[in-house]
2 protein chains.
Amino acid sequence: MPVETIRWSDGQLTIIDQTQLPGTHTRITLANIDDVWGAIKQLKVRGAPAIGVCAAFGVVVALKARVNDLQNVAAATQEAADYLATSRPTAVNLFWALDRMRRRAESLPPSSTCEEGLAALEKEAVAIFEEDRALCRAIGEHGAALIEEGAGILTHCNAGALATSDYGTALATMYVAADRGRQFHVYADETRPLLQGARLTAWELTDAGIPVTVICDNMAAQVMREGRISMVIVGADRIAANGDVANKIGTYGLAVLAKAHGIPFYVAAPSSTFDLSIQSGEDIPIEQRDAEEVRNGFGRRTAPEAADVYNPAFDVTPAELIAGIVTEHGILIPPYTESIQRHLAE
Amino acid sequence: MPVETIRWSDGQLTIIDQTQLPGTHTRITLANIDDVWGAIKQLKVRGAPAIGVCAAFGVVVALKARVNDLQNVAAATQEAADYLATSRPTAVNLFWALDRMRRRAESLPPSSTCEEGLAALEKEAVAIFEEDRALCRAIGEHGAALIEEGAGILTHCNAGALATSDYGTALATMYVAADRGRQFHVYADETRPLLQGARLTAWELTDAGIPVTVICDNMAAQVMREGRISMVIVGADRIAANGDVANKIGTYGLAVLAKAHGIPFYVAAPSSTFDLSIQSGEDIPIEQRDAEEVRNGFGRRTAPEAADVYNPAFDVTPAELIAGIVTEHGILIPPYTESIQRHLAE
């Protein structure tokens, strides 16, 4: 079983403080809305699904704190949601979850009491949480079939329990395979500049008892050449209508290397990741991040200030390099333009 | 002009303390043999050619310190060389340079005075230094022809001035091209785990006024895809008889990516790097380095202690991925088994 990134128990919201990983495993209580806002802002909780779930519970935490002088549940929900939305201004899942809480509050019957309103909103947050859990499990169930006994699996960044409410996406396939008694070995790219692979993926797999070896990003080709890798599986930020996948920088290079070594390359993501308004990866702009992440990422200067830095946040892997896309409904295979359309129409 | 990594001036040996880079550019004096031993041991000076040159001058420094009670120059040279050889027990160039100093001392005429002996040994150290400079320049002269106006050049690790007495190997091609007025842009892989690309290559090119952009290793594929790279050039640790090249980990992956993007991949190294006793790269054992370099490389834990780490020091790039090998005599092209034999027979 992987770690519980977010826990809602006895009306209390607790999370693992991911800024302390991998050094210390600390569970912190988010006792009020400012705690929730700060936790999202400071990346104590990260990963699109996890942020959405945390924010939904954040609304409940805010309402509970005001339960004694709560006049208008809908207005209080709006206020809390507006505030929480400012914690990470570009996080799509955050807005989606907060909008859902707003709509639930607006749909309360006028006659309902504060207690009834609060109960309904708590139920909605729990539903968002449970739906994310179910998505993770379904992705895991489908993807686990890809993992053969004795497999060597390379993954990049963190598409795991720490990014979601449960099994994650790419890592869900591994948790389910492990649940089924399958033996395999994971190689985790450390994933510069922010090291999510080394800090988070290696930590959560180790914690769950799944054997994992950390490598530097530039060692992937060598471990492939040595025959240690039988499949690559990664998450996705966004998938275009033609199956091109935007994901953490370094993903594209891995896909090219996998192809050169005859290793299948898979993507695992919920259906909500498909964006049919985007025809192909060429239409996805590449976000540039701060040079200091590369020059000074460990509290120590590792490159001269005078040198330029190029720090794209992600890259686009063309569909032709992808053997399959695992979603909660099954495994899509090429040609993706057809299989994605069919999949979303179902 | 690149930095002077090692300077011998008025009988004084000074070096750039590379452990302080890229933060601080400090030139330190190695005033006695213990200073020289410590500088090599603590990687204040690194790079095979630079270590050899520094050790040769170290013998002279040791003799000068004892000039007033120097009875036997040959015996004192042996003693100094034996001690300096313990500073980095696996550095082939170190032993080679010290052996040359020993042989020079042994070949002194019995009638020579201490002053004459000392002068002869200083001359030998200067010769080692000058020969290394000449090698660098010759590699640079040949390789510069590969750099076209407006080129985008990707390099890995540090095969530059900081590793040699002068222009370096891979970077020598750039220094000479810049001397000839050619405009181009360098991308330096940061080169995990020890970051020689970010710390050293970016620093020395910036210092020499050559435009350089640092990227994380996992960004190489993306910068190639964006059309920013027109050639890749790297150094070499060892080249087998068939042209397979052992070099810093990550080199092989770059060569595969370069091929996938139709970008020529070059190696620059002195002829002494060819090892005809090795038929192919398969016979080169891959040295494993300490896991802590990856887990804890910046004075901060970046991966859990419980996770395994795989940390190969280098990899082998097969000859078929290499467009040319630049040496002090010219540019070798495939088939390498023939061109290397011919080259070494000349």
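Student: How many salt bridges are there over all chains?
Tutor: The count is 38 salt bridges over all chains. A salt bridge here is a side-chain nitrogen of Lys or Arg within 4 Å of a carboxyl oxygen of Asp or Glu. This is a predicted model: local features need pLDDT of at least 70, side-chain atom pairs count only at pLDDT 80 or more, and totals for chains, interfaces and linings use all residues. Side-chain values use heavy atoms, with hydrogens and water left out; residues are numbered from 1 along each chain as its sequence is written, and chains are lettered from A and ligands numbered from 1 in the order in which they are written.

Student: Which residue meets Arg102(A) in a salt bridge?
Tutor: Asp82(A) does, at 2.6 Å from N to O. The pair links distant parts of the chain, 20 residues apart. Arg102(A) is in helix α4 (residues 92-106) and Asp82(A) in helix α3 (residues 73-84), both of chain A. Helices (H or I, at least four residues) and strands (E, at least two) are DSSP runs, numbered from the N terminus.

Student: And how many salt bridges are there between chain B and chain A?
Tutor: Two. In one of them, Glu190(B) pairs with Arg192(A), and the closest N and O atoms are 2.5 Å apart.

Student: What area is buried between chain B and chain A?
Tutor: About 4,300 Å², with 66% of that from carbon and sulfur atoms. Buried area is the accessible area (1.4 Å probe) that two parts lose on being put together, summed over both.

Student: How many residues does the contact take from each chain?
Tutor: It takes 53 residues from chain B and 53 residues from chain A. Contact means heavy atoms within 4.5 Å.

Student: OK, now sheets. What is the strand order in the open sheet of eight strands?
Tutor: The order is β12(A)-β6(B)-β5(B)-β4(B)-β7(B)-β10(B)-β14(B)-β15(B), with mixed pairing. Two strands pair if DSSP finds at least two bridges between them.

Student: Which strands stand at the edges?
Tutor: β12 of chain A and β15 (330-332) of chain B. Each has a single partner strand, so one side of each is left without a neighbour in the sheet.

Student: How does β12 of chain A run with β6(B), parallel or antiparallel?
Tutor: They run parallel, joined by two bridges. Val309(A) has Val214(B) as its bridge partner. Asp308(A) stands opposite Thr213(B).

Student: Which strands does α9(B) touch when it packs on the sheet?
Tutor: It touches β4 (151-155), β5 (184-189), β7 (231-234) and β10 (265-268) of chain B. The direction of α9(B) makes about 145° with that of β10(B). Axes are lines fitted to C-alpha atoms, for helices over the stretch in contact, and angles run from 0 to 180 degrees between N-to-C directions. Helix α11 (residues 336-345) of chain B packs on the sheet too, touching β14 (324-327) and β15 of chain B.

Student: What about the open sheet of three strands?
Tutor: Its order is β1-β2-β3 in chain A, with antiparallel pairing. The edge strands are β1 (6-9) and β3 (27-29).

Student: New topic. Where is Pro22(A) found?
Tutor: In the loop between β2 and β3 of chain A. A cis peptide bond joins Leu21(A) and Pro22(A), with omega about 0°. Pro334(B) and Pro335(B) are joined by a cis peptide bond as well. Pro335(B) lies in the loop between β15 and α11 of chain B.
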